[in-house]
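Here's a quick briefing to read alongside the model. Have the sequence and the 3D view open, and click on each residue as it comes up.

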Amino acid sequence: MLGIFSWVHGRHPDLAPLLLLSAMGVLSFNLREPTVTSRIGFSFLSIILLTSAAILGPFGAWFVGAASQVVDRDGNVKWFQRLFNVAMNSTIGAVGAYVYLVMGGAEDLDRVTGFGELIRHVGLPLIVADVVQCLINAVLLGGAVSLFQRVPFWVFVRRILVSSGVAYIGYGVIGFLFVILWYPAGLGAFSALLVMAPLLAARWAFVQFGEELRSHERVVETLVTALGTKEPAAVERSARVAQLAEWTAEELGLGPRQIAIVRYTATLHEVGHLGVPARLLRRSPEAISAAERRAIDRHCVAGARMIEGIDFLEDARSGIRHQHERFDGGGTPDGLAGQEIPVAARIVAVAAAVEALMPGPVDVTLPARVVDAARLLRSDPGRFDPAAGAATIEALEKHGWPSGVGTGVTT
Amino acid sequence: MNGTLRREPVALLVGVLGLVTTVLLTLVDRDLPEGGDVGVVSVFALMIVLGEWFRLSAPGFRGSAPIATAAAFGLALTTEVPAGHFVGYGAAFVLAVTAVAMVIATATRVLAGREVSLVETTGRFVATAVVTLVYRNVYLGQSPGTEAPSDPLPPWQRAALMLGISVLALVCDTLFTSVLRALAATANLRRTFVEEVRSSFAMSMAVAVTGVLIALAAPPMGIAAVPLFLMPLVLTLFAFRRYVSIRATYLQSIRTLSRLTDVAGYTPAGHSERVAALSVRVGRELGLSERELLDLEYAALLHDIGQVALVEPIPGGATVLAAPADQRRIEADTVAIVRETGVFDGAARILEHQTTPYRQVRELGEEIPLTSRIIKVVNAYEDLTAGARSARAREAAIERIYLGLGYEYDPRVVDALLTSIGNGSAQA
């Protein structure tokens, strides 16, 4: 619809640049980093769309955005995902082009000469269009993800903007450089070839954002695998506790960084079991003496010491150490109380206790499980943080029982 | 160590020679800029100084200063500024400015107590010299002290030409640093060169193109083209920082994993670190490349992680004393855990063969990486000495290794081990 509107009202772009930019759009989309753990794809398509806004106008930018998504080697993408991608990118392209025009961007770029005019009639409008495109991208993605995966809308939007927003807007400058090379420098279509180098540099930079997130996931997974070779049941247990803890953190309205800390804490809350003799872990709970119980409970101190030295897990360490504290101050190892206990520890304490209620897929209905969980949390009033407990119950009612597989968006 | 001492003076000599020659030539030929060009040149010079100051270096990476190199290339290739004005300075002046800017930046870094690499800085100067001389003197035929002649080619052909010259210059830079590096280490030139090209190719292309783009955008945009076109490189600098922090995360996780078995009481404290340090020394003795050494170090740090699956720890954590079947089970668990990281496949490949006896290479022609054989020998040595450093413990351990020479252990590696621990006489 937007396409027809801009065809009728906007200018009609030349065919050659249109095809060239569409080809670059297709290329960028196919060069994108495969999204393994994060659901956000990084590509330099945003830069191409920005350039199209200036060189091609609204219809051209709309067309480039749509065309880039049509050719896709990945056969696993479902039709509605593809449709969404087409709609989103064509919208970003067309709206960007309109913003460019509204801000006084020049349409006939051949006539713009001199530094001052270039900045006023190309540079500034492009910057504004860039910011608007970045926001549209975040909002549309956030909307879709919150609709399909029930991640709260603002949580996801903030996550995108915090992780890649600055780079998205910053690399928009390449779009401006592209336009300068094309018209004032007189390079024409050859500029596309030259601009590929900065574009690929930008792609590499975007990839690093994804890589950073993935490196954290991998390190955590490796630690869990190490634990799993000793205690196989711990792997699924960790995944379920992590899922429940993450939902709880979302319910409590924590920021993206805090949520990540909570998830790492929950995933690794039993990593200290690596330091507990295997024969104790394999014995049934009834056959363990008080002294042995204490030896097992020291695992949280050992676990916190084990992951010492990994920078990104620094905040999760205190969560692991204090997971057995009591809210009224009577717990181990340090006897912290109330808000002194790290929020991650308070959440994980609840999540681990609730998860322990249901070993394995027992055929009990969700409401019954929630009632059980609520009863457990009430049974020992001083043990848990009431706010975290209430949030966990809400999360259970909303999402169901944690399955431990497909932990949702994991950025 | 000796090598680094030898190659720095060579680089210093080349650098000082370049500086003195170009400054003298500039003064003799009166190859100086007039009025408006001074501003243009000072912006370039400032960018070179800044670029040298914010240079990149990371383990396993060729050090570089992309912003400085791109700015220097831009200075060399820019002959026209707005309003059809051509700059009035020539090759000697360009190189003198570049050399002075590099000296200022290097001196500041030394004063600030930061590390400098004379080899790399001189390499960049060599590259700039190649661009300047080939473009200005050979192609344009500009004579000293006169205005640069205009280039008759259409823009896109000029761009292609400049790009070609820049790539040639970067190859010269790599060749220069490789020769110096090959002089220093016992490594051979071809392998050093290939490795340097591989580790810096992408960044070099971005640098070459940026230099060309600055020169092409200077006529319409003027000097503003310099910061504007360097901007993507600056952003990439931040991404590089992120890249380095990612590597650091993995390294930290390796250190943590290597300590896991210590903390959990499966191996004596510091066992993995000792195996890693000695393996690297043996590997260096056998002439492995830096990349292989890095994989070897990681593999050595992680080689015992599979022990966490054991119900009862092996006495002293000494896998060499465990039954072969148990050794292989630990090995399989180790490899599974290391593979899980998804980034240390190099280390995982080494670990897959860490228990395979050497005889399988000799008799069955099985391919076992040299690095795996190193870990097998060094691990046995460390297990047998159990951290003791006395001459008696050492001799006892070596005697036991000798019993398995050629059957369990690769004789070449054992020889290298003896040299590394300073016991060459025991070979007799």
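Let's start with what "touching" means here: two residues are in contact if their C-beta atoms, placed from the backbone, lie within 7 Å. Take Val212(B) as a test case: leaving out residues up to four places away in sequence, Val212(B) touches Leu194(A), Leu77(B), Ala159(B), Met162(B), Leu163(B) and Ser166(B). Keep in mind that this is a predicted model.

**The two chains**

- Chain A has 18 helices and 0 strands.
- Chain B has 16 helices and 2 strands.
- Of the 411 residues in chain A, 49% are buried; for the 428 residues of chain B, the figure is 46%.
- Look at the contacts in chain A with a separation of 6 or more: 70% of them come from residues 24 or more positions apart.
- If you boxed up the C-alpha atoms of chain B along the principal axes, you'd need roughly 80 × 45 × 45 Å.

**Where the chains meet**

- How many residues of chain B are in contact with chain A? There are 47 of them, and they meet 48 residues of chain A.
- On chain B, helices H6 (155-184), H7 (189-221), H8 (225-263) and H11 (324-341) each supply at least two residues of the side that touches chain A.
- H8(B) gives the most to that side, with 19 residues.
- Sort the residues on that side of chain B by class and you get 34 nonpolar, 9 polar and 4 charged.

**The nonpolar cores**

- The largest nonpolar core has 137 residues, and the ones touching the most other members are Leu177(A), Leu181(A), Ala71(B), Val131(B), Val212(B) and Ala217(B).
- H7(B) provides the largest share of this core, 13 residues.
- There's also a second, separate core of 100 residues, which includes Ala395(A), Ile375(B), Ala416(B) and Leu418(B).

- Why can we call H3(A) (residues 45-55) largely enclosed by the rest of the structure? Because 11 of its 11 residues are buried.
- To find them, look for Leu45(A), Ser46(A), Ile47(A), Ile48(A), Leu49(A), Leu50(A), Thr51(A), Ser52(A), Ala53(A), Ala54(A) and Ile55(A).
- After H3(A) comes Gly57(A), which has a positive phi, near 85°.
- Helix H2 (residues 15-30) of chain A packs with H3(A) at an angle of about 165°, and the two axes are 9 Å apart.
- Angles over 145 degrees count as roughly antiparallel, so that's how H2(A) and H3(A) sit relative to each other.
- Their crossing is left-handed.
- On the H2(A) side, the residues involved are Pro17(A), Leu21(A), Met24(A), Gly25(A), Ser28(A) and Phe29(A); they meet Leu45(A), Ile48(A), Thr51(A), Ser52(A) and Ile55(A) in H3(A).
- By class, the residues of this contact divide into 7 nonpolar, 4 polar and no charged.

**Another helix pair in chain A**

- Helices H7 (residues 153-170) and H9 (residues 190-230) of chain A have axes that come within 11 Å and cross at roughly 175°.
- That angle makes H7(A) roughly antiparallel to H9(A).
- Ser163(A), Ser164(A) and Ala167(A) of H7(A) make the contact with Ala205(A), Phe206(A) and Phe209(A) of H9(A).
- This contact has 4 nonpolar, 2 polar and no charged residues.

**Two residues of chain B to click on**

- Is Phe93(B) buried or exposed? Phe93(B) has 27 other C-beta atoms within 10 Å, and a residue with 20 or more counts as buried, so Phe93(B) is buried.
- You'll find Phe93(B) in helix H4 (residues 91-111) of chain B.
- Ala58(B) sits in the loop between helix H2 (37-53) and helix H3 (66-77) of chain B.
- With 14 other C-beta atoms within 10 Å, Ala58(B) is partly exposed.
- Leaving out residues up to four places away in sequence, Ala58(B) touches Val244(B) and Arg247(B).
- Ala58(B) and Thr261(B) are 203 residues apart along the chain, and their C-alpha atoms are separated by 29 Å.

Definitions and conventions:
Residues are numbered from 1 along each chain as its sequence is written. Chains are lettered from A and ligands numbered from 1 in the order in which they are written. This is a predicted model: local features need pLDDT of at least 70, side-chain atom pairs count only at pLDDT 80 or more; totals for chains, interfaces and linings use all residues. A residue is buried if 20 or more other C-beta atoms lie within 10 Å of its own, exposed if 12 or fewer, and partly exposed in between; C-beta atoms are placed from the backbone. Helices (H or I, at least four residues) and strands (E, at least two) are DSSP runs, numbered from the N terminus. Ala, Val, Leu, Ile, Met, Phe, Trp, Tyr, Cys and Pro count as nonpolar, Asp, Glu, Lys and Arg as charged, and the others, Gly among them, as polar. Axes are lines fitted to C-alpha atoms, for helices over the stretch in contact, and angles run from 0 to 180 degrees between N-to-C directions. Angles under 35 degrees count as roughly parallel, over 145 as roughly antiparallel, 65 to 115 as roughly perpendicular and the rest as oblique. A crossing is left-handed if the near helix is turned anticlockwise from the far one by less than a right angle, and right-handed if clockwise. A nonpolar core is a set of buried Ala, Val, Leu, Ile, Met, Phe, Trp, Tyr and Cys residues joined through C-beta atoms within 7 Å.
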